[in-house]
Amino acid sequence: MQKIDFYIIRKFLGTFFLSITLILSISIVFDVSEHMNDFIENDAPLKAIIFDFYLNWIPYFANLFIGLFTFISVIFFTSKMASNSEIIGILAGGVTYKRLMRPYLVSALLIACMSWILGNFIIPHSNIKMLDFKNTYIKGKFYNTETNIHKQVSPGVYMYMSRYNVNTDTGHRFSLEKIEDNRIVSKLISQYIRWDKKKDKWTIHDYYIRDFDKNGHETLTFGRKIDTTLTILPKEFKTRVNEAEKMNLFELNDYIKSQRLRGVSNMEEYEIMKHERTSGPFSTFILAIIGVSLASRKTRGGIGLNIALGLLLSFSYIMFMQVTKVFAISGGTDPFIAVWIPNIVYSIIALVLYRWASK
């Protein structure tokens with residue numbers, strides 16, 4: 001590492017944190033004005049607003065757009081260096097363009113590592129307080145929009161309900177099947193099942209049970225009410241937006257694995273979130289290379305043209321990511337491929353721009 005490396009790294013990181021501070025300050029002002037009525041109507045304490053919400057919202061928001069902040073920082077300070085003929089001076093001094101990229105990549109690596117650690121371990125913990133605050137003072141109660149719910153409650157035991165009412169903790173048209181050696185040995189069918197808070201158990205109402213022996217003979221049992229100890233709790237049927245953001249990397253992997261075991265199929269959003277926590281930090285390298293390639297050449301339009309072109313590319317990148325996510329959620333694309341396609345495409349763009357700028 002030479003003086004020029006430390007000079008560029010200092011410029012890079014200094015501009016990066018300055019841009020984050022400025023944009024976050026503006027964002028907080030707009031967010032406060034947007035949610036002021038919610039805070040007043042729900043009697044949100046000032047201490048909770050500051051320490052539970054905004055103090056935890058800042059790292060979440062900063063990490064969400066860390067690639068964009070990186071890109072803007074590179075475009076801004078590199079364009080200034082180019083307009084002041086600093087880039088020309090560095091290259092004229094015998095430094096190759098490839099060597100010039102080293103401090104940029106080192107800075108991008110530091111930001112990427114910081115983003116990966118924040119996204120996988122620190123932010124999920126801080127999100128617990130932030131999302132609990134939002135669910136209490138901004139958002140509504142739990143909901144469930146699923147129909148025809150199928151879950152594996154334990155090995156060989158499968159349950160079904162047509163829908164679940166979160167307000168009464170009631171599952172309608174409930175059935176429970178037990179399968180051994182690829183044959184049904186027992187099937188319970190009920191009008192509804194309800195969670196009993198006092199007993200801490202499920203109560204099955206208006207049911208009948210069909211038991212089958214090895215010879216295929218059937219035995220019927222009828223009843224009005226029976227308690228059961230299913231390994232599923234009511235919270236597993238309740239959903240809130242961004243609940244997965246409270247989970248760190250290991251918790252998210254375990255949750256996805258457990259839901260797959262239960263037969264839950266619509267896990268694309270969780271898979272996307274898991275892969276985004278790696279693809280997001282990786283995008284800092286791509287956007288840093290694109291930024292340097294665009295801004296290192298002195299142009300007639302000056303800094304403004306570089307920033308405009310850079311923002312156009314960065315916003316098209318963000319839009320591309322949103323489009324591929326929609327395909328993954330709809331089930332048409334594998335979540336891993338959907339999340340990484342934008343990085344692959346823009347890696348090719350970064351390589352083309354780098355070769356153009358180095359000539």
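Biologist: Where do I start? How many helices and strands does the protein have?

Modeller: Start by counting the pieces. This predicted model has nine helices and six strands.

Biologist: Next, what does the radius of gyration tell me about this protein?

Modeller: Compare the value with what a compact globule would give. For 359 residues that would be near 21 Å, but here the protein has 27 Å.

Biologist: What share of the contacts links residues 24 or more positions apart?

Modeller: Take the contacts with a separation of 6 or more: residues 24 or more positions apart account for 63% of them.

Biologist: Let's zoom in. Where does threonine 284 lie, and is threonine 284 buried or exposed?

Modeller: Find its element, then check its accessible area. Threonine 284 sits in helix 7, which covers residues 268-295. Its relative accessible area is 0%, so threonine 284 counts as buried, the cut-off being under 20%.

Biologist: Which residues does threonine 284 touch?

Modeller: Leaving out residues up to four places away in sequence, threonine 284 touches Ile66, Gly67, Thr70, Ala108, Ile111 and Ala112. With alanine 108 there's a polar detail too: its backbone oxygen lies 3.5 Å from a polar atom of the threonine 284 side chain.

Methods. Residues are numbered from 1 along each chain as its sequence is written. This is a predicted model: local features need pLDDT of at least 70, side-chain atom pairs count only at pLDDT 80 or more; totals for chains, interfaces and linings use all residues. Side-chain values use heavy atoms; hydrogens and water are left out. Helices (H or I, at least four residues) and strands (E, at least two) are DSSP runs, numbered from the N terminus. The radius of gyration is taken over C-alpha atoms; the globule rule is 2.2 Å times the number of residues to the power 0.38. Contact means heavy atoms within 4.5 Å. Buried means under 20% relative accessible area, exposed over 50%, partly exposed in between (1.4 Å probe, protein chains only). A polar contact is a pair of N or O atoms within 3.5 Å; within protein, one must be able to donate a hydrogen and the other to accept it, and residues adjacent in sequence count only if both atoms are side-chain atoms.
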